[in-house]
Amino acid sequence: MVYRANIHEAKTHFSKLLERAHSGDEVIVAKSGRDYARIVPINSNIDRRPGTFKGQIKGDITGPITNDDESNWG
């Protein structure tokens, strides 16, 4: 669910808006009636084990990208 709040409401009820974002809602903060910022939860369930992509990356990934490299994408 998306919830919109103006800046005054966001300043006054920041903790409540953070709780809404943490529970899964997307909170949009508006300034002068225009969307200005978004508060979203941080996904802490990301699997970040070393070696996850071992053997899947080919070529020199430290050098500049050339047109030849782009043809190998996808």
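## Strand partners

Ile28 faces Arg38, a residue of strand 3. Val27 has its own opposite number in strand 3, namely Ile39. Lys31 also has a bridge partner in strand 3, and that partner is Arg34. This is a predicted model, so every position here is computed. Strand 2 and strand 3 run antiparallel, and five bridges join them.

On to strand 1. Strand 1 and strand 2 run parallel, and here too five bridges make the link. Val2 stands opposite Glu26, which belongs to strand 2.

The three strands make an open sheet, in the order 1-2-3. Its pairing is mixed. Strand 1, residues 2-6, is an edge strand, and so is strand 3. Each of these two pairs on one side only. Neighbouring strands in the sheet are turned against each other by 30 degrees on average, with direction ignored.

## The hairpin turn

What do strand 2 and strand 3 form, and how many residues lie between them? They form a hairpin, with two residues between them. Strand 2 covers residues 26-31, and strand 3 covers residues 34-39. Ser32 sits in the loop that lies between these strands.

Look at the backbone of Ser32. Its phi is positive, at about 55 degrees, although Ser32 is not a glycine. Is Ser32 buried or exposed? Its relative accessible area is 74%, and exposed means over 50%, so Ser32 counts as exposed.

Asp25 lies in the loop between helix 2, residues 14-22, and strand 2. Asp25 has a relative accessible area of 16%. The cut-off for buried is under 20%, so Asp25 is buried.

Which residues does Asp25 touch, not counting those up to four places away in sequence? They are Met1, Arg20, Ile39 and Pro41. Ile39 has come up already: it stands opposite Val27. Arg20 has another partner as well. Arg20 lies over the face of Tyr3, at 3.9 Å from the ring centre. As for pairs between aromatic rings, the count comes to zero.

## Asp35, in strand 3

Asp35 has its place in strand 3. Its relative accessible area is 49%. Exposed requires over 50% and buried under 20%, so Asp35 is partly exposed.

Leave aside the neighbours within four places in sequence. Asp35 is then in contact with Arg4, Ile28, Val29 and Ala30. One of these, Ile28, stands opposite Arg38. How far is Asp35 from Asn6? They are 29 residues apart in sequence, and 8.8 Å apart in space, C-alpha to C-alpha.

## The whole chain

Read along the sequence, they follow the pattern β-α-α-β-β-α.

How much of the chain is buried? Of the 74 residues, 14% are buried. Asp25 is one of the buried residues. The accessible surface of the chain comes to about 6900 Å². Carbon and sulfur atoms account for 52% of that surface.

One last figure concerns contacts along the sequence. Take the contacts between residues at least 6 apart in sequence. Among them, 25% join residues at least 24 apart.

Terms used:
Residues are numbered from 1 along each chain as its sequence is written. This is a predicted model: local features need pLDDT of at least 70, side-chain atom pairs count only at pLDDT 80 or more; totals for chains, interfaces and linings use all residues. Side-chain values use heavy atoms; hydrogens and water are left out. Helices (H or I, at least four residues) and strands (E, at least two) are DSSP runs, numbered from the N terminus. Buried means under 20% relative accessible area, exposed over 50%, partly exposed in between (1.4 Å probe, protein chains only). Contact means heavy atoms within 4.5 Å. Two strands pair if DSSP finds at least two bridges between them. Axes are lines fitted to C-alpha atoms, for helices over the stretch in contact, and angles run from 0 to 180 degrees between N-to-C directions. Accessible areas come from the Shrake-Rupley method with a 1.4 Å probe; for residues, only the protein chains shown count as cover. Rings of Phe, Tyr and Trp (its six-membered ring) pair if their centres lie within 6.5 Å; planes under 30 degrees apart count as stacked, over 60 as edge-to-face and the rest as tilted. A charge sits over a ring if NZ of Lys or CZ of Arg is within 6 Å of the ring centre and within 35 degrees of the ring normal.
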